[in-house]
Amino acid sequence: MIEVKNLTFSYGKDKQALHGLNFTVGDGEIFGFLGPNGSGKSTTQKILTGILKGNGGKVSLFGQDIATAHTQDFFQKIGVLFEFPYLYANLSAIDNLKYFSSFYPAEQLRDIGEVLEELEFKTDFLKKPVSSYSKGMRQRVSMARALINNPKLLFLDEPTSGLDPTGAVLFRKIIEEERRKGTTIFLTTHNMLDADLLCDRVAFITNGNIVALDTPKRLKEQNSSHRIVTTYLYQGRREEKTIEIPELEAGIPFPHDEIISIHSEEPTLEDMFIQYTGRGLS
Amino acid sequence: MKNFYSLFKKDCQMMIAGKFIFVAFGSLLTYTLFINFGYINFMDMQLYNVYLYDPQGTQQEVSELIRPVASLEELDDALLADTNGVGIDASSGTPNIILYFGSEKVDNHRADYALSLLRSGDEYAAQIVGTNTTEQKQRKEMSCELLFIEIVAVGFLGIASVLFKEKQMGVIRVHAVLPLKRSLFVLSKLAVFLLSDLVFAVLLTLFNVGFSGTIRILPAVLVQTAILSLIMALTGFGCTMLLNDFKQFSLAYLVIALFVATPVFLSANTSIKMAWIGWHPFYQVYMGLKNAYFGTPVTSPVYYICTACGIAALFVVVQTAFRKEMGKEG
């Protein structure tokens, strides 16, 4: 679906934003692009969506070179959720969606009411202007805008930002649903939980370079200490012991009356990110 | 075509939501009341009275319009009572002009008029240009000026206010990923503001020049209105894309409005002459509009080629600025 070879981009003479990125995103894959502010992830997404021109290297989308890919046909096949909910504040959710969907062929469109229902949008706000909505509601309308044309390739920038935990769970469910339908998803985020739960593969980008690219599971496994911490009760006392995973093969290798908890010491995706990039995500 | 219709419909909604249309209707009402109940009633100045002190009778062929006085004191008293009047002291044999007040550049025409009354009729008879009555002339003159102000100042502000709203809402960036030609976004805005300016021009002319007068001049007036409207809409669009916020725009607006309107009005409507004014593009457009109102539209192809090139150049600048805006961060 997406093939990027040696992608470079520069804002002016001395401001190189991307230093030769290489990655591919397969059909139906959720690909996470993780990096701190200013790392080059937005620039990459803008190049892929045709907003920024003048890149170096080779990029192809839907099997077509980027120089010729950004046609009206291409934009009919993609959906983009921006980091901020860009909507007409004086129009209602329905009017915003009617307006944005009017640029797509009618046979391609999903039913506006159905999409909003799926996003659990409060029906009493349907005809009220967007200016009266909470951030979470605006994000729902923006997501509906990105999904309204049944995209084959979906670009999501911080999809769960501004949502309460229930909203974040709902959005993850919807993204999963899109994956089941075969939609390819390019997910740009700071949120490691989103990336860990949703992405088939993730790329860590910092200072315009991809420093790691793999499945979240493998990234964590490769850097695991292969130890577990066990808390248990023995002869009325609460104790804790750290053991190597191979030691478990023959059962729990110490006397105990009751096991209280077992924790693997596997690193989180955020730990991995800091390890690879030397910086946090904020 | 379907995409253009969607954009056009939304732009009309934005214009109504921005209350710009009410401002335009308010302006139309105010201008019409001013012309019909103010300008044509109170601005119709009587001829200047000319007082002549010529104790030796040196002036042979004086006009009947001249009012002779018997002494310099009487001349002073007459000018004190009639401050617009012009005094001529011919006691030395040479007529000297005396004004109660005036300025060297602006009041030359009062002096010229007074001196012309001392000479024989035929040589200095004023040439009658056109067939307009004084009232028709005043109505056309003021309609033209107010239409120019409306487009240059109010319309220019209108497009900026609509676009700044869209810019602040970030929706311009969404259009970068929609299946539509980006130039349509600019063209739709231009169409909305052009249409509103043309409707405004028709109504203003109809209400103030009258039906039969309007029919005769309307096509030429609409052509000139369209030229001015496109130039101002594109300038407003470009400023909105290049400037960060409405505060910055307000400053730019003052500079542009001042640069565009002040020298043009001074040169076109007063005796103040500026040698360079012929190079001022808005002077040419203003005179084009004025000539259209007076039934002598511009026929020079150079004028139309220059305005078309200007509009095309502005369009390219606006397109470039628009693309940059779409690529900006949130």
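In this predicted model, chain A is assigned two domains, domain 1 (2-212) and domain 2 (225-265). The centres of domain 1 of chain A and domain 2 of chain A, taken over C-alpha atoms, are separated by 44 Å.

**Contact between chains A and B**
- Chain A contributes 23 residues to the contact, and chain B contributes 18 residues.
- On the side of chain B that touches chain A, two or more residues come from each of helix 1 (2-17) and helix 6 (171-174) of chain B; helix 1 of chain B gives the most, with 4 residues.
- By class, this side of chain B comprises 10 nonpolar, 5 polar and 3 charged residues.

**Nonpolar cores**
- The largest nonpolar core has 124 residues, of which Ala144(A), Leu187(A) and Leu289(B) touch the most other members.
- Beyond its neighbours within four places in sequence, Leu187(A) contacts residues including Ile30(A), Phe31(A), Phe33(A), Leu156(A) and Leu198(A).
- Another core, of 12 residues, lies apart from it and includes Tyr51(B), Leu52(B), Val69(B) and Leu79(B).

**Sheet of chain B**
- In chain B, 4 strands form an open sheet in the order 2-1-3-4, with mixed pairing.
- Strand 2 (66-68) and strand 4 (96-99) of chain B are the edge strands, and the twist averages 30° from one strand to the next.
- Strand 3 (residues 86-89) and strand 4 of chain B run antiparallel, joined by 4 bridges; Val86(B) stands opposite Leu99(B).
- Helix 3 (residues 72-81) of chain B packs on the sheet, and its direction makes about 170° with that of strand 1 of chain B.
- Helix 4 (residues 108-116) of chain B lies across strand 1, strand 3 and strand 4 of chain B, at about 55° to strand 3 of chain B.

Definitions and conventions:
Residues are numbered from 1 along each chain as its sequence is written. Chains are lettered from A and ligands numbered from 1 in the order in which they are written. This is a predicted model: local features need pLDDT of at least 70, side-chain atom pairs count only at pLDDT 80 or more; totals for chains, interfaces and linings use all residues. Two residues are in contact if their C-beta atoms, placed from the backbone, lie within 7 Å. Ala, Val, Leu, Ile, Met, Phe, Trp, Tyr, Cys and Pro count as nonpolar, Asp, Glu, Lys and Arg as charged, and the others, Gly among them, as polar. Domain bounds come from an automatic or database domain assignment. A nonpolar core is a set of buried Ala, Val, Leu, Ile, Met, Phe, Trp, Tyr and Cys residues joined through C-beta atoms within 7 Å. A residue is buried if 20 or more other C-beta atoms lie within 10 Å of its own, exposed if 12 or fewer, and partly exposed in between; C-beta atoms are placed from the backbone. Two strands pair if DSSP finds at least two bridges between them. Axes are lines fitted to C-alpha atoms, for helices over the stretch in contact, and angles run from 0 to 180 degrees between N-to-C directions.
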